[in-house]
Amino acid sequence: RCVEGLDRPKCPPKRLGGGSSCKMSSLVKFTPLCGAHSEHPLCYLLEVDEACILLDCGWDETFDVALLRKLIKIAPSIDAVLLTHCDLNHLGALPYIFSKGNMKAKVYATLPVQKMGLLTMYDVFQSRSAKEDFTLFSLADIDNAWENFIELRYQQPCSLSGKAEGITVSPLNAGHQIGGALWKITKESEEIVYAVDYNHAQDRHLGGTVLVDLPRPNILITDAYTALDKQLPGGKKARESALIEHVRQSVEKGGNVLLPVDSTGRVLELLIVLDECWQQNNLRHVTLAFLSPESRSTVDMANGQTEWLSKHVNQRFVQSRQKVFALPHVKCCCTMRELKALPYPHVVMASGLDLETSSFALDLFTEWVGDHRNSLILTQKPRPGCLARKLYDAVTSNRPVQQQAVVQMFERVALEGRELLEHQQRLRQAVLKAQQKLQEEEEEEEEEEEE
């Protein structure tokens, strides 16, 4: 079963393709590096006179370096990076580009995007490295990239420096995700607005975008990712009712429910919706869980971002001191062992949207798929080509769902016997090489000092 995204469709033209320039008093050139005429992650180059500004720096679950080919070529020349949201599609390439692409630019984002984005990258790294050898970036690379962040509040102007001197940037509320931003980029009297993945509607914890209240800019850079998607009649309430009904039907049969989710973005709205459902429908006998390596940190972090939530949430907090992410019915689990210790049936929001790369969602899917009582509910549109997207497209277009699928899974197994000895030998050789290189460098330094 598939219930379409809980956020309303965003409404602007498709992601622009090709380079285009606009002559104002400043020369402005916009070049999509990734995410044009496709559903690939977002990464665009905006040139204003001599300044090179990167708009988002996304990657996806495949971590295909080919997607970053254009970005790697220009990374050293980037003067500033503006981030809109905290998910992989908007900032997932940052650790790789800083460590392998020699990028030195400052990264501008709201505080929630900075904090939640860090948890996003930790979550992805831990999910992959727990199952396979993941070498594209390390936890140290993530931390080093995040040292370049400059956090801004909504409507806080910030003047850029260097080749970007004279340009002011300011984040504005985009809705959609906590801390999500539109960017107003100003030079002299001219304005450029970068607005992607925004939400006009008010969520349970977020207000709608301020885009409609802005004066007409000289240039608007925008997208229409879900504008043509089919929506259930009745709007958001109808979608939430359908979601809750599917969950009820499954647990009444004694089945489990899997909801693949992102780790820090739209999952927050889903947590609130399902927690309220458990309260209203007396489902305390059913385990409602959020399974992610950083699940507890994500909820704790969201609770600490009250000022970034909607006005009505802040008013309720002031009056009752009740936190919107208290979530009394949600069990946060960081390991499969924690989840399996809870009573069945399970309704689990598990990190991993595509059902192909190493994740908790893939583990549960392969375990539960053989039982007809269990259900899979997709609340977000997965990336093209993955197994989850094939299922999503089949359901939304009323086509038969494929009965068989091949998935590749990884598992770490302790080495024994000959394999263990060979591995230890390789480690010893690597240590000797490193020591030899260090000794050669020291000798070269001594020779230089003598000269």
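**View 1. Eleven aromatic pairs turn up in this structure.** Here, a pair means rings of Phe, Tyr or Trp (its six-membered ring) with centres within 6.5 Å; planes under 30 degrees apart are called stacked, over 60 edge-to-face, and the rest tilted. Take W59 and F63: their ring centres sit 5.1 Å apart with planes at 85°, so this pair is edge-to-face. Both W59 and F63 are buried (under 20% relative accessible area, with exposed being over 50% and partly exposed in between, using a 1.4 Å probe and protein chains only). A word on the source: this is a predicted model, where local features need pLDDT of at least 70 and side-chain atom pairs count only at pLDDT 80 or more, while totals for chains, interfaces and linings use all residues. Residues are numbered from 1 along each chain as its sequence is written, and side-chain values use heavy atoms, leaving out hydrogens and water.

**View 2. F134 and F137 make another edge-to-face pair.** The centres of these two rings are 5.0 Å apart and their planes meet at 85°. F134 counts as buried because its relative accessibility is 11%, and F137 counts as buried at 2%. Who else joins in? W59, F63, Y96, F125, F134 and F137 form one aromatic cluster.

**View 3. Five strands line up as an open, parallel sheet.** Their order is β15-β14-β16-β13-β17. Strands are DSSP runs of E with at least two residues, helices are runs of H or I with at least four, and both are numbered from the N terminus; two strands pair if DSSP finds at least two bridges between them. At the edges stand β15 (330-333) and β17 (375-376), each with a single partner strand, so one side of each has no neighbour in the sheet. Further in, β14 (residues 287-291) and β16 (residues 346-351) pair over five bridges, with L288 opposite V347 in β16.

**View 4. Helix α7 (residues 267-281) lies across β13 (257-261), β14, β15 and β16.** The helix runs at about 170° to β14 (axes are lines fitted to C-alpha atoms, for helices over the stretch in contact, and angles go from 0 to 180 degrees between N-to-C directions). Contact means heavy atoms within 4.5 Å.

**View 5. The largest nonpolar core has 76 residues.** Such a core is a set of buried Ala, Val, Leu, Ile, Met, Phe, Trp, Tyr and Cys residues joined through side-chain atoms within 4.5 Å. L83, L94 and M103 touch the most other members, and α7 gives the largest share, nine residues.
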